[in-house]
Amino acid sequence: MNYVPQLKYASQEQIEQLHGYGVEILKRFGMRVEDPEIRKMLCENGCTEKGDRVYFCDDLIEKTIKNQKKQVVMTSTTGSKVEMEIGKTFSHSTGGAPWIADLKSGKRRNGQLTDLIDTIRVMNQCPELDLPCALVYPSEVPSAISQLKQTATMFEYSKKPIYGPGISLASNAKYIVELFKLYGGSDLEQNPIGMVGISPESPLFLPKEITNTMAHIIKAGIPTSVLAAPMGGLTSPLTIAGTVAQSHAEILAFAAVAYLMNPNCVLFYGSRTFFANMKNGQSILGLPETGISSALAVQLATYCGFMTDVYGLSCTSCSMDEQAGYEKMINAFLPAIAGATLVTGFGSTASVMCCSLSQLVLDNEILAMIRKAKRGFEFDEDILGFEALDYVVNDHETFLEQEHTIEYLQKNEIFVPSIGFDSVWADWIKCGETPLNERAADRALELIEKDELVPQDAAITAEVEKILAAAEKELL
């Protein structure tokens with residue numbers, strides 16, 4: 001059997017201990033729950049309340065953990081499938097970056113709806129990207145309906161299952177559910193066409209707006225990532241372990257509420273552990289603590305039976321430079337090799353505040369290399385090339401002539417980059433010594449041209465327009 005390498009930052013005993021601390025946080029400090037109806041529901045299931053804080057019980061937490069789904073198959077509107085399960089690593093782009101780097105000048109500017117469409121079309125052609133998200137925030141769309149418009153645009157242009165925007169507005173959530181049902185049918189639990197993210201607030205707070213959002217999404221059965229996002233030293237303890245433990249508590253509390261709303265809804269353990277530049281209090285995502293805490297969270301989540309969704313291909317660098325490359329590699333490699341189900345950050349720079357079509361191309365290459373590193377090994381005489389070795393040793397041939405060499409080249413034994421340079425200096429001169437970021441920009445334009453637009457059914461377009469019109473009438 002093929003052995004897949006796996007990183008472990010903590011022993012099994014330490015992970016059990018860390019889980020215990022996360023549960024202890026919910027029992028000792030509780031979760032502030034703003035909606036009295038949600039507090040009542042929790043207390044009817046063994047929890048206790050004091051004011052607006054709910055103190056969780058072991059029984060509900062244990063039931064919640066035992067109920068978690070360990071795999072899910074998502075199918076796009078065009079029929080492509082992504083079969084996710086614990087231990088296998090997939091990817092999705094970041095979502096909602098306010099800025100995009102212009103392909104020609106490299107300067108940042110506000111994102112537009114046309115940029116969102118272009119990013120989707122490039123993501124359609126990135127084989128290492130499994131779930132595209134609305135990468136850039138369209139600045140001309142009113143914020144009151146932006147999450148809804150992003151979702152509608154994703155469904156219209158994406159050829160892969162979508163990762164919808166992080167939803168923070170219940171007013172958008174109910175219309176987003178309508179879009180999911182329009183494209184995916186009424187039974188979204190059995191036939192998921194994508195997923196969304198919803199965030200509790202740190203430290204230890206479930207606002208009414210969020211539980212109202214959950215009520216729409218979770219009851220509809222749309223797979224949901226629990227995006228707990230504590231920031232070490234600001235909204236959680238400064239230590240990696242302290243931040244991961246608090247994030248664990250927040251995810252367990254959210255998952256318990258979701259379990260009581262709809263036990264059939266698929267949840268992802270969406271740990272979003274942030275750490276700041278403590279000189280200015282700004283969150284930065286290129287720190288190695290991002291990858292380390294994500295890897296530790298993956299271990300903890302896997303122990304509890306959750307599929308995971310963590311950073312990721314993230315960086316602090318504000319340009320597509322060497323810093324972006326090494327930050328993205330370490331912060332994606334660590335959680336991926338720890339067994340993350342989903343890694344995010346694909347396409348982003350500047351702590352996910354900016355995105356780039358070129359960066360999508362570069363991140364596709366980074367993730368391809370990480371997936372190669374995760375392939376692992378099995379050993380037998382054929383793989384070791386004993387027959388080829390016999391010919392070479394006894395007949396004075398070379399390995400270049402052997403069928404074994406051709407066979408394993410066809411099996412991708414040797415990594416072939418899609419954008420990186422892979423020859424010698426003389427060839428580098430012949431190809432014009434073109435910088436990587438320029439080659440990536442050219443490739444991004446090629447991918448947009450390669451992406452064949454599929455006309456949307458007129459009846460669906462009409463229904464989408466009705467949903468958007470109703471939302472605009474209510475919310476604008």
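Asp-102 counts as partly exposed, at 24% relative accessibility (buried is under 20% relative accessible area, exposed over 50%, partly exposed in between, with a 1.4 Å probe and protein chains only). Its partner is Arg-109, and their side chains meet in a salt bridge. A salt bridge here is a side-chain nitrogen of Lys or Arg within 4 Å of a carboxyl oxygen of Asp or Glu. Arg-109 is partly exposed too, at 32%. Asp-102, Arg-109 and Asp-115 are linked in a network of salt bridges.

This is a predicted model, where local features need pLDDT of at least 70, side-chain atom pairs count only at pLDDT 80 or more, and totals for chains, interfaces and linings use all residues. Residues are numbered from 1 along each chain as its sequence is written, and side-chain values use heavy atoms, leaving out hydrogens and water.

The structure holds 18 salt bridges. The table gives some of them.

| Pair | N to O distance |
|---|---|
| Arg-39 and Glu-49 | 3.2 Å |
| Asp-102 and Arg-109 | 3.4 Å |
| Asp-451 and Lys-159 | 3.1 Å |

What does the pair Asp-451 and Lys-159 tie together? Asp-451 lies in the loop between helix H16 (436–450) and helix H17 (458–475), and Lys-159 in the loop between helix H5 (146–157) and strand E9 (162–166), so the pair ties together parts 292 residues apart in sequence. Helices (H or I, at least four residues) and strands (E, at least two) are DSSP runs, numbered from the N terminus. Asp-451 is buried, at 2%. Lys-159 is partly exposed, at 22%.

Arg-39 is buried, at 14%. Glu-49 is partly exposed, at 43%.
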